[in-house]
Amino acid sequence: MLRDSDLDPLRELPEWEILLERCRDLEAKTPPPDPKPVVVPPVATGSGDGRVLVVLHAAGSRPELETEHWTAATEAGWTIIAPQSTQRLSAAGRYGWHDLERAKADVMTQLEEAGHLSEGDLVIGGFSQGAGLAAHLACGAGVLAAGLILVCPTFHWGMPEAPASGGPVATVIFLGTEERPRITEDVEKLSEIIRGVDWPMEIELLEGVGHSYPPDFHGRLARALGSIESMSADQSISS
């Protein structure tokens, strides 16, 4: 959190170094987390039977909080797997993905241990920083994904590079009309990358929504999963 650009105006203050040193001291004394992904099994059968939705939590969150927003998938037969970052942000058990390479390793290790790293029918989703990480994973980190569902993605590490290999990844992006300009600009950059590699994509604008889940995300998620299935099927036919 101390690297957050929102705190830039404070960095020249002498109190900043005191705070920084105190945080480093507390971090050194805190035992490292032993991350385990949260697994939410399906509660009904449907088009997602046997398939996995990987959900990546936002900065300052944790898997069990994030999965509450994504339960519509379990009603269509999907299993949710929500990896946890090892990068602790607070003593209250909140985590983030600020170090990108460490974040990729955390997700890939937990998916591999769960036996899902090499499965190409994964759909990866997330909110905010988790959504940005999902895009990086699908664009060349070794995770075989059939689809992406990105809710208000952020990219403080920079944009992902265009994938050089692998099949098309059907992508649905949710973006609020009241979102911060920087995030809106990053979504446009990401859409250019996706168009450049001919991935099927939909961008759904959320009227009156800022940087948050829309209140009707349950229904929107169900439709997004259906859209990914349709886009993937159309891509298979065209190829």
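This is a predicted model: local features need pLDDT of at least 70, side-chain atom pairs count only at pLDDT 80 or more; totals for chains, interfaces and linings use all residues.

Reply: Happy to. A handy place to begin is L148, which stands opposite T171 in β8.

Me: Which strands pair there, and in what sense?

Reply: That is β7 with strand β8 (residues 170-176), and the two pair in the parallel sense over 5 bridges.

Me: And what does strand β6 pair with?

Reply: Strand β6 (residues 122-127) pairs with β7, in the parallel sense, over 6 bridges. For a landmark on that side, find L122, which stands opposite A145 in β7.

Me: How many residues of strand β7 are buried?

Reply: 7 of the 7 residues of strand β7 (residues 145-151) are buried, so the strand is largely enclosed by the rest of the structure.

Me: Let's move to α5. What span should its 16 residues give, and how far apart are its end C-alpha atoms?

Reply: At 1.5 Å a residue, the 16 residues of α5 should span 22 Å, and the end C-alpha atoms are 23 Å apart, which agrees.

Me: Which residues of α5 are buried?

Reply: The buried ones in α5 are I183, D186, V187, L190, S191, I193 and I194. Looking down the axis of α5, the buried residues fall within an arc of 160 degrees, so they line one face of the helix.

Me: What covers the buried residues of α5?

Reply: The cover includes α4, β7, β8 and β9. So β7 turns up again here, because that strand is the one with 7 of its 7 residues buried and it is also part of the cover over α5.

Me: Which exposed residues does the face of α5 turned away from its buried side carry?

Reply: That face carries the exposed residues P181 and G196.

Me: What happens just after α5?

Reply: D198 takes a positive phi of about 60 degrees there. D198 has its place in the loop between α5 (181-196) and β9 (201-206).

Me: Is D198 buried or exposed?

Reply: D198 counts as exposed, at 59% relative accessibility.

Me: What about S128, where does that lie?

Reply: S128 lies in the loop between β6 and α4 (129-138). Phi of S128 is near 60 degrees, a positive value in a residue other than glycine. S128 is buried, with a relative accessible area of 11%, whereas D198 is exposed.

Me: Switching to cysteines. How many disulfides does a search of the whole structure find?

Reply: The search finds 0 disulfides. C139 is in no disulfide, and the nearest cysteine sulfur, that of C152, is 18 Å away.

Me: Last one: where is E112 found, and how far is its C-alpha from that of I194?

Reply: E112 is found in helix α3 (residues 100-113), and this residue is exposed, with a relative accessible area of 54%. The C-alpha atoms of E112 and I194 are separated by 26 Å, with the two residues 82 apart along the chain.

Notes. Residues are numbered from 1 along each chain as its sequence is written. Side-chain values use heavy atoms; hydrogens and water are left out. Buried means under 20% relative accessible area, exposed over 50%, partly exposed in between (1.4 Å probe, protein chains only). Helices (H or I, at least four residues) and strands (E, at least two) are DSSP runs, numbered from the N terminus. Two strands pair if DSSP finds at least two bridges between them. A disulfide is a pair of cysteine sulfur atoms within 2.5 Å. The expected span of a helix is 1.5 Å times one less than its number of residues. The arc is that of the directions from the helix axis to the C-beta atoms. Contact means heavy atoms within 4.5 Å.
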